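User: I have a structure open and would like to go through it piece by piece. Can we start with the sheets and then move on to the contacts?

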Amino acid sequence: MTTLRLWSLLRSRSAGDEDPRRLTAVLAVVAFATATAVLLVVVAGVQAFWDRAGGADGIRAGLEAPETPYVIQYPFLAGIAALLLLVPLATLGAAAARMAAARRDARLATLRLCGATRSQVTGLTVLDAASQAALGAALGLVGYAVLVPAVARLRFQGRTFDMSELWVGVPVLLGTVLAVLLVAVVSAVASLRRVAITPLGVARRVTPPGMRAVRVLSTLGGAGALLVVPQLVGGSAGVAFTVLVVLLLVTFATLNLVGPFVLWIVGRMTAAAARSVPTLLAGRRIADSPKSAWRSVGGIGLAAFIAGLTSTFSLLDPGDSGRADEALFIADLKTGGFLTLAIAGVLAAVSTGVMQAGRVIEQHAEYRALTLAGTDSRTLDRARMRETVVPLAVSVGVATVTALMVMIPVVGLQPVAQPSVVVQYLLCVVVATALVLAGTGASRRVARAVA
Amino acid sequence: MNAPLVAHDLVQTYGEGSTATHALAGVDLTVAPGESVAIMGPSGSGKTTLLHCLAGVIRPTAGSVTWQGTDLATLSDRRRTALRRTDFGFVFQSGQLLPELPAVENAALPLMLAGTSRVEATRVAAAWLGHLGLAGMEKRRPGELSGGQAQRVAIARALVGAPGVVFADEPTGALDQATGAEVLSVLTSATRDTGASLVVVTHDAGVARHCSRTVMMRDGRVTGEFLAEAAR
């Protein structure tokens, strides 16, 4: 029997509503749909500013002008915002793919026992993930259509968007669907690589190896780059933009290197110092899998980083500007910053909720046994909450330090220490954190369903 | 802990009308302190449902389960949860150990949940692991233990809180015959040593032979019971 036929047979014999596998499928599809819709809206925004700037020719002419007009800066800033959002988007896509691959271990082991080959098992996983990604992407297209009228009401450059400005075109739609499918398939295959599915079951969960010190060295390198690269800013707008992009890429890489390492240490310390079961469970889980703990809050780390950068916008007052176009640009800069932050916060919340739900579903047998043996649901809820709060605090801390490292060499210490900047930063972090905690709270329903 | 666990005229019905299924159809059972009872019967005979009723996991449709003079059905879900934590211990077929915790912390969980300090809980748990032949394996994860060793950790966890009754649902179902017999021997002797009662659901006559009494079930009813040779 071909893998496709086997997959189609298994799908047609799918279990009932109460099966957690169905729940995982729904969550995966929702996550894929959110990622697709947000990605399309972000691309639509970049494209709209690109067109308003006159396309490639208009931008080239603007860059060659003695003074770069503000209209030329919009597509670059939108591009930077899109770049910033790419990480939480990819995280959400990967979370969805992992969800699609969750809870299939026993089934795959049974298939191996019945004679299915390793490649057939991989094929089944890929088909499952791809089918859910395809459905999610299709729903994401609908979500994009629903969001566009709301986005069109936003005022930039003194006017709202025409609907036609936010239409990305068929090639972009297809490209986005393909990108979502690709993320799903790659993540599903990667998640299979970490377990050995044999006919006798699934082997894993031995004492994990520690994080390697090379992360510290790489992080120090990244930190050095963060201090040096801003000094290179100067010259044309094109050079400044390139330096900015490099700076952001270095920042992302540094955040992702140092984040899991710090979490590994904090997780071990938390477990060692734990006095209660929820803290012990949270600490062990974080130390057990610091990369996945980081992934579940990495989006919020990025949101905190964006909040750090945009908090200095509070020092800018459009009323101080003598020029109308400059005043408009400053006002739009603030709106764009907040918009980017809001999207990053929502994406981070959805990612965290989906990842936590996936974890609950993967461990549903243990949850059920603990519940039967008298562990009240509040203890398990507290463990999951702490499993989010600890990495959350670490990610916000790491992101704050990184944002300061990026900003201080450029703008100096004084603007960063202004009360209005600090207050705005804290407010943004509190709101983003609340969103993520709400995402974790939402996964309670899943825990109740499977326990 | 000297009062028996008493089930009286237990009825458990799933569904309604023509689709109603009677998992239990009037079961009476008394488990004396320190007694070990095997509940045997074919699949679908109501063994696990009876165990869940006895342990307060589910409320029966009719009838009562009395433990220490209290009808479990009168307790709120929260009180029954607390009771399962403090008065009962559980051993299942599989999937009961938390994969991220080392053996000693898995075994210490009930004590910590009941408010015992971590240091004391792990000390008691480590002593139990040693008593059950797992000395030196305290820091191993479930993934680094054999099936039999994992079940011993589960037995340590069930007994660490000095429960009045230990409930075991097919505790050797996932083990080979030799390991199963070994685990069962550990379970019955350790339970006997603590003075706790033991209720084992099984379809394996070999398992039942380790218990002082065997109750036979079919179609939700008790169809017979007999004492083990040694208990006569």
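Analyst: One term is needed before the sheets: two strands pair if DSSP finds at least two bridges between them. Strands (E, at least two residues) and helices (H or I, at least four residues) are DSSP runs, numbered from the N terminus. The model is predicted, so local features need pLDDT of at least 70 and side-chain atom pairs count only at pLDDT 80 or more, while totals for chains, interfaces and linings use all residues. Residues are numbered from 1 along each chain as its sequence is written, and chains are lettered from A and ligands numbered from 1 in the order in which they are written.

User: Ok, in what order do the six strands of the open sheet in chain B come?

Analyst: The order is β6-β7-β8-β3-β9-β10 in chain B, and the pairing is mixed. β6 (88-91) and β10 (221-227) of chain B are at the edges with a single partner strand each, so one side of each has no neighbour in the sheet. On average, neighbouring strands of this sheet are turned by 20 degrees against each other, direction ignored. Axes here are lines fitted to C-alpha atoms, for helices over the stretch in contact, and angles run from 0 to 180 degrees between N-to-C directions.

User: Which helix packs on that sheet and touches β3?

Analyst: Helix α1 (residues 47-54) of chain B does, and it also touches β7 (165-169), β8 (197-202) and β9 of chain B. The direction of α1 makes about 155 degrees with that of β8(B). Contact means that the C-beta atoms of two residues, placed from the backbone, lie within 7 Å.

User: How do β3 and β9 of chain B pair?

Analyst: β3 (residues 36-40) and β9 (residues 213-218) of chain B pair in the parallel sense, over four bridges. Ala38(B) stands opposite Thr214(B) in β9(B).

User: And β6(B), are its faces buried or exposed?

Analyst: Phe88(B) and Phe90(B) on one side of β6(B) are buried, and so are Gly89(B) and Val91(B) on the other. A residue is buried if 20 or more other C-beta atoms lie within 10 Å of its own, exposed if 12 or fewer, and partly exposed in between, with C-beta atoms placed from the backbone. β6(B) runs parallel to β7(B), joined by four bridges, and Phe88(B) has Val165(B) as its bridge partner in β7(B). Helix α5 (residues 147-159) of chain B lies across β6 and β7 of chain B, at about 170 degrees to β6(B).

User: What about the open sheet of four strands?

Analyst: Its order is β2-β1-β4-β5 in chain B, with antiparallel pairing. β2 (21-31) and β5 (70-71) of chain B are the edge strands. Eight bridges join β1 (residues 5-14) of chain B to β2(B), and Tyr14(B) has Thr21(B) as its bridge partner in β2(B). Helix α1(B) packs on this sheet too, touching β1, β2 and β4 (62-67) of chain B.

User: New topic. How many residues of chain A and chain B are in contact?

Analyst: 20 residues of chain A are in contact with 25 residues of chain B. On the chain A side, α10 (277-288) and α13 (364-372) each supply at least two residues, and α10(A) gives the most, with five residues.

User: How many residues of α13(A) are buried?

Analyst: Seven of its nine residues are buried, among them His364(A), Glu366(A) and Tyr367(A). Gly374(A) follows α13(A) and has a positive phi, near 100 degrees.
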